[in-house]
Amino acid sequence: DWVSALTSGDLELFTLADLPSGIVSVDLVEVIYQAALAEAGSNDLKDVIRNGTVNYAGTTQTITTVQPNYSLYKGTVWYTEAGGTTLWTPTKVNALEAGFQIP
């Protein structure tokens, strides 16, 4: 599937599938996505995670690849829960939403 956005501030968040049962610890959370432009040029995207009711923006990436060629982008590595200082748990990760935003 794909989504598109044109306006600064546009945000796309997705509910993620739960981790497999039996997972007892989580080392980190990182949004990884593929992106391309509809036409030549450049545009910025940043990864976003929603922890609870708050959105946390990550790394801004400049997208220059034009479809049908997509590039892989790695976002911010969250070693502790976004907005906090405690380690991630499977329950916290299962409750996350993740996506990206045009800054």
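**Entry 1: a cluster of rings**
I began with the aromatic side chains and found that Phe14, Tyr33, Tyr73 and Phe100 form one aromatic cluster. A reminder to myself: this is a predicted model.

**Entry 2: counting pairs**
Next I wanted the pairs. How many aromatic pairs does a search of the whole structure find? The search gives four.

**Entry 3: Phe14 and Phe100**
I looked up phenylalanine 14 with phenylalanine 100, and their rings sit 6.3 Å apart, centre to centre. The angle between the planes is 45 degrees, and the pair is tilted. Where do these two residues lie? I found phenylalanine 14 in strand S1 (residues 11-15) and phenylalanine 100 in strand S6 (residues 97-101), so this pair ties together parts that are 86 residues apart in sequence.

Then I asked myself: is phenylalanine 100 buried or exposed? Its relative accessibility is 18%, and buried means under 20%, so phenylalanine 100 counts as buried. Phenylalanine 14 has 33%, which makes it partly exposed.

**Entry 4: Tyr56 and Trp78**
Tyrosine 56 belongs to strand S4 (residues 54-63) and tryptophan 78 to strand S5 (residues 71-78), so the parts tied together here are 22 residues apart in sequence.

Tryptophan 78 has 16% and counts as buried. Tyrosine 56 has a relative accessible area of 21%, so with the buried cut-off at under 20% I wrote it down as partly exposed.

Note on methods:
Residues are numbered from 1 along each chain as its sequence is written. This is a predicted model: local features need pLDDT of at least 70, side-chain atom pairs count only at pLDDT 80 or more; totals for chains, interfaces and linings use all residues. Side-chain values use heavy atoms; hydrogens and water are left out. Rings of Phe, Tyr and Trp (its six-membered ring) pair if their centres lie within 6.5 Å; planes under 30 degrees apart count as stacked, over 60 as edge-to-face and the rest as tilted. Helices (H or I, at least four residues) and strands (E, at least two) are DSSP runs, numbered from the N terminus. Buried means under 20% relative accessible area, exposed over 50%, partly exposed in between (1.4 Å probe, protein chains only).
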